[in-house]
Amino acid sequence: MKEKKFDINENGMSIRCLSYSISNIKDAENIVVATYGFGGKKENHAISEFAERLTGKYKSFAIITFDWPCHGEDARKKLTISECLLYLDIVNKYIRTELDPSGIYNYSSSFGAYITLLYIHLYNNPYNKIGLRCPAIGMYDAMLKNIDNDGLLKLKKGKEILIGFDRKMKISSEFFDELKENDISKFDYIDYADQILMIQGTCDEMVPIALTEKFSDKNVIELIEVDGADHPFSNPKHMDTAIHSIIEFFAE
């Protein structure tokens, strides 16, 4: 499997990308856009494992992932939902216009799954199929519970705070306003139900499984519940189940 870093430069932005493919990515019949959770980066072990498994079994597939705004090697400092949507849109259009594959797919987890669902609500669905692992259906609440009292007070006063793991990024109250306004649990996804598969652990400590069950029932989306799996699917057996299920869903 080949790995290649490249940039997509558009609208004064430089999106740092990473691709996985068996041969030249321009020869791939199908391309998967892969995104990850909040605070991660494109050099993501779960995505590289997924890519290795997928390309090993189905050589017509290639994978492209990228750094969200303020993540990894991205140059931006302040995170907004609108710029995350813009990045995903630019990557989608690059794949369609520059690579022109037969099919485009999406494999996303947590925050990336939230952005993907918000994107297809706002702009319709450009993907043949979408596989979502541990989707952050309640993104507003999931983010808010990770802010301490001092941070909440600063946000209330209109100040920015720093948040993140390997890399800190600025967020403001406007970021939470965007999340609150774009509550995907309230949107209708029935038209896309057959194109979406969701997988979540029963012991997810970040997003209550009951919230995802309610979302899947409302939208008639298939949900595979992995007994005992936590939010990051840290048990290799649980991750193996998730990857296998999504690969077979894409290959149907």
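Guide: A nonpolar core is a set of buried Ala, Val, Leu, Ile, Met, Phe, Trp, Tyr and Cys residues joined through side-chain atoms within 4.5 Å, where buried means under 20% relative accessible area, exposed means over 50% and partly exposed lies in between, with a 1.4 Å probe and protein chains only. The model is a predicted one, in which local features need pLDDT of at least 70 and side-chain atom pairs count only at pLDDT 80 or more, while totals for chains, interfaces and linings use all residues. Residues are numbered from 1 along each chain as its sequence is written, and side-chain values use heavy atoms, with hydrogens and water left out.

Visitor: How many residues does the largest nonpolar core have, and which of them have the most contacts inside it?

Guide: The largest nonpolar core has 88 residues, and Phe50 and Tyr114 are those with the most contacts inside it. Its largest share, nine residues, comes from H2; helices (H or I, at least four residues) and strands (E, at least two) are DSSP runs, numbered from the N terminus. In soluble globular proteins, nonpolar side chains tend to be buried together.

Visitor: What is phenylalanine 50 in contact with, leaving aside its neighbours within four places in sequence?

Guide: Contact means heavy atoms within 4.5 Å, and on that basis phenylalanine 50 is in contact with Val32, Ile63, Tyr107, Ile243, Ile246, Ile247 and Phe250, its neighbours within four places in sequence being left aside. Phe50 is also one of the buried residues of H1, a list that includes Ala46, Ile47 and Leu54. The buried residues of H1 pack against strands E2 (13-21), E3 (30-35), E4 (61-66), E5 (103-110) and E6 (129-135), and against helix H8 (236-251).

Visitor: What span should helix H1 have at 1.5 Å a residue?

Guide: The expected span of a helix is 1.5 Å times one less than its number of residues. Helix H1 (residues 45-57) has 13 residues and should therefore span 18 Å, which agrees with the 18 Å between its end C-alpha atoms. For H2, with 19 residues, the distance from the first C-alpha to the last is 26 Å, close to the 27 Å expected.

Visitor: Why is H2 called roughly perpendicular to H3?

Guide: The axes, which are lines fitted to C-alpha atoms, for helices over the stretch in contact, with angles running from 0 to 180 degrees between N-to-C directions, come within 10 Å for helix H2 (residues 81-99) and helix H3 (residues 111-123) and cross at roughly 75°. That makes H2 roughly perpendicular to H3, because angles of 65 to 115 degrees count as roughly perpendicular, those under 35 as roughly parallel, those over 145 as roughly antiparallel and the rest as oblique.

Visitor: Which residues of H2 and H3 meet?

Guide: Ile81, Cys84, Leu85, Leu88, Asp89 and Asn92 in H2 meet Phe111, Tyr114, Ile115, Thr116, Leu118, Tyr119 and Leu122 in H3. The residues of this contact divide into ten nonpolar, two polar and one charged, where Ala, Val, Leu, Ile, Met, Phe, Trp, Tyr, Cys and Pro count as nonpolar, Asp, Glu, Lys and Arg as charged, and the others, Gly among them, as polar. Among the buried residues of H2 are Ile81, Cys84, Leu85, Leu88, Asp89 and Asn92. Just after H2, aspartate 100 takes a positive phi of about 50°.

Visitor: What makes aspartate 194 buried or exposed?

Guide: Aspartate 194 has a relative accessible area of 73%, so it is exposed; its place is in the loop between helix H6 (173-181) and strand E9 (196-201).

Visitor: And how do you know whether tyrosine 58 counts as exposed, partly exposed or buried?

Guide: Tyrosine 58, found in the loop between H1 and E4, has 24% relative accessibility and therefore counts as partly exposed. Not counting residues up to four places away in sequence, tyrosine 58 touches Ile247, Glu248 and Ala251.

Visitor: Is cysteine 70 buried or exposed, and what value shows that?

Guide: Cysteine 70 has a relative accessible area of 0%, so it is buried, and it is found in the loop between E4 and H2. Its phi is near 70°, a positive value in a residue other than glycine.
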